[in-house]
Every structure is written in structure tokens, then in C-alpha cells.
Amino acid sequence: MEWFTNSWDWTVHLYMSLMPLSGILTITIPLFVTVAYTTWLERKVIGAMQVRVGPYNVGKWGLLQPWADMFKLIFKEIIIPSGANKVLFVIAPVITLASALAAWAVIPFDATKVLSQINAGLLYVLAVTSMGVYGVIIAGWASNSKYALLGAMRSAAQIVAYEIAMGFALVGVLIAAGSMNLGEIVKAQMGPWGLFSWYWLPLLPLFLVYFISGVAETNRAPFDVAEGESEIVAGFHVEYSGMTFAVFFLAEYANMILISALASIMFLGGWLSPFIGIHDFLWLGIDLEKLFAWVPGMIWFFLKIFFFLFFYLWFRATYPRYRYDQIMRLGWKVFIPITIVWILVVGGMVLGKLYPWWAVQG
């Protein structure tokens, strides 16, 4: 009997120990698959915009192309420059990827599905994602290459500039929702006007600043001056190859998805349906809330993420790369003043109990 009791206690302890691991795998594995097919989607979307077909040889419609790319990078040789700091050279991409993945611990996929429900979720996201810049700086320095170091300095300065603007934009959301819990921020947007109750409309300047800053944070076009081939070749990861390069590549796309997820939560109602409260669409007697009630909240959340990802791809196919001085001027002299002014406006609207913040004031 004692043996059975000890075995049961050990089994329960093992199960409780593995529960967080199962939750982590449930998030990271689909995230990696999404990253893989985002690269496929990017080539398809840009190909369509440029009247090309994109990848189509490997699998039907080229759907196996991401797996072919993955196996190519796995078997490719990792070359470490002779003058590089080998330990830091390998650690740098891990830091960048870890900061991108750790933030997903507090992302709510719907009202109940979240790995860690903490009240300071917004603060946690800002703290964790800000660590990614260290990976960039370490990669540029550890490579022992002037081009890599210049690319790292450019990227770090850009990330810091737009991180401040992004942080101020999220302060506006914090004031509007009255909470730093990401789930509570979504619930604060649950109003009787469907998508017009979300924060994208009253916080429109902050919404635009946040998303554009997110594009700049991830070094994506047209803000990809860290990879200006005519000046500094591939930037901070110019000396990386094989899986060490793949980890940087993975971190970039994981950050794109993370920025899109946070934009959906902060400004587009997260898992909320856009048709909540719309019972008489265009006075035709159509109850859209009831019509789409069968769609799970997680599906709405994923559709909103895809909506933002599409803009990432659209920007790359449309806009030319900006000059570095233009990018820094936009971050420091335009976005930061706009966010500070609009924070004051939002504060006044909340204190005045104007739309839609009377619910926040009770």
C-alpha cells in the first residue's frame, strides 16, 4: 500500500511538472509551422503582386517548399569566423529567438486558453521582447566583422527608437482599458457596437504608430536598413550560415507574428467577434451576431493575425527602402511626439467618460 501511495504521488508530481511543458509545446510547435508557411505565403503574395507564380515545384502549389528550405539549412555547414568569439557567436541567435518565443507565454488565444494568466502581462511582454536587441548587438560584435558591427549598431538604434514609440502607444491602451492583463484588455473592448467598440477607432493614431513601429522593430521593409546590401551587405548576421542563420530567420518571422498578435489584442479585440451587438445589419433585420455565433474566438484571433501579416508582405512588395536618417527622424521626431500628445487626449477622454470609456469608469 505504501508503494502504491508513493507511486501515485510520484505520478501526480510528474504530471504536474509536465503540464507547463505540454503547454509550451502546444504553442511553439504550431508557431514554428506558422513561421514556415509565412515564408511560403510571402513568396506567393509578392509573386502575385509582381505577376509571378512564386514557389510551385516542391509539392502541390509549392506547399513543401518551407520543408525543403528547412532541410537545406539543417545540412548546411555552420562556419564560424576564425577571429570570432565562438561562445557569443552561437548564443546571440538563441537570445533573439528566446525573447520572441517567451512573450507567447501570456498571449490569450481566447477567454480561457492562455499559458500563463498574469496581471502584468503587458509589462512582461515589453520586458521580454526588449531583450532581443542584445542578441543583435552580440551577433554583430562577436562576428569580428566591421560590416556586421555596423549592421548591429544600425539595427539596435532603430529598435530602441521605435520601441519607445511602441511603448507609448501601448500606454494609451493601458489607460483606456485600465489593466495590464492582456485578457482584461480584450474584455474591455467588448461593447454593443461590434468592431466599432474596439480600440482601433478611438486610438487610431496610436494604432498606426504601434503597427508601423512593429514593422520597424522587426527590421522589415521598408525599414530594413540593417540589411542594406549596397552598404553593409546582410547586416548583423552577415557571417552566419546554416542553422545559426536559420535561428535569426525564425526569430524575425516569429516577431512578425507576435507583433500581429499584440496588435490584434490591443486594438482589434483579440478573440472577440466583430459582429457582437449587431442585430439589425443595415436595417435589413439580419442578426450578424447570431449568424456568426458558431465561429470560435480563436478563429477570429487567427484571422486578425493573418490580416496584419498580409500588410507586412504588402509593404515589402510595395515600398522602397527608406534612408537611415529618414527612419530615425520618423521614430524620434514624429512618432514619439504623436504618442505623447494622444496619451494626453486619451486621458482626457477617459476622465470625461466619453466614448467608449464610460464602461472603464463604471
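Let's start with a pair of helices: the axes of α8 (residues 204-217) and α13 (residues 324-351) come within 9 Å and cross at roughly 145°. This is a predicted model, in which local features need pLDDT of at least 70, side-chain atom pairs count only at pLDDT 80 or more, and totals for chains, interfaces and linings use all residues. Residues are numbered from 1 along each chain as its sequence is written, and side-chain values use heavy atoms, with hydrogens and water left out.

**The chain as a whole**

- The protein chain has 14 helices and zero strands; helices (H or I, at least four residues) and strands (E, at least two) are DSSP runs, numbered from the N terminus.
- Of the 362 residues in the protein chain, 45% are buried (under 20% relative accessible area, with exposed over 50% and partly exposed in between, using a 1.4 Å probe and protein chains only).
- Among contacts (heavy atoms within 4.5 Å) with a separation of 6 or more, 78% join residues 24 or more positions apart.
- The accessible surface of the protein chain is about 18400 Å², and 72% of that belongs to carbon and sulfur atoms; such areas come from the Shrake-Rupley method with a 1.4 Å probe, and for residues only the protein chains shown count as cover.

**Where α8 meets α13**

- The axes here are lines fitted to C-alpha atoms, for helices over the stretch in contact, with angles running from 0 to 180 degrees between N-to-C directions.
- From α8, the contact is made by Pro205, Leu206, Val209, Ile212 and Ser213, and from α13 by Phe335, Ile338, Thr339, Trp342 and Val346.
- By class, this contact of α8 with α13 has eight nonpolar, two polar and no charged residues (Ala, Val, Leu, Ile, Met, Phe, Trp, Tyr, Cys and Pro count as nonpolar, Asp, Glu, Lys and Arg as charged, and the others, Gly among them, as polar).

**Gln189, in a loop**

- Gln189 sits in the loop between α7 (182-188) and α8.
- Gln189 counts as buried because its relative accessibility is 1%.
- Its side chain reaches the backbone nitrogen of Tyr199 at 3.2 Å.
- Not counting residues up to four places away in sequence, Gln189 touches several others, including Trp198, Phe267 and Leu272.

**Met153, in a helix**

- Met153 belongs to helix α6 (residues 146-177).
- With a relative accessibility of 41%, Met153 counts as partly exposed.
- Leaving aside neighbours within four places in sequence, Met153 is in contact with Ile137 and Tyr324.
- The C-alpha atoms of Met153 and Ala226 are separated by 8.5 Å, while the two residues are 73 residues apart along the chain.

Methods. A polar contact is a pair of N or O atoms within 3.5 Å; within protein, one must be able to donate a hydrogen and the other to accept it, and residues adjacent in sequence count only if both atoms are side-chain atoms.
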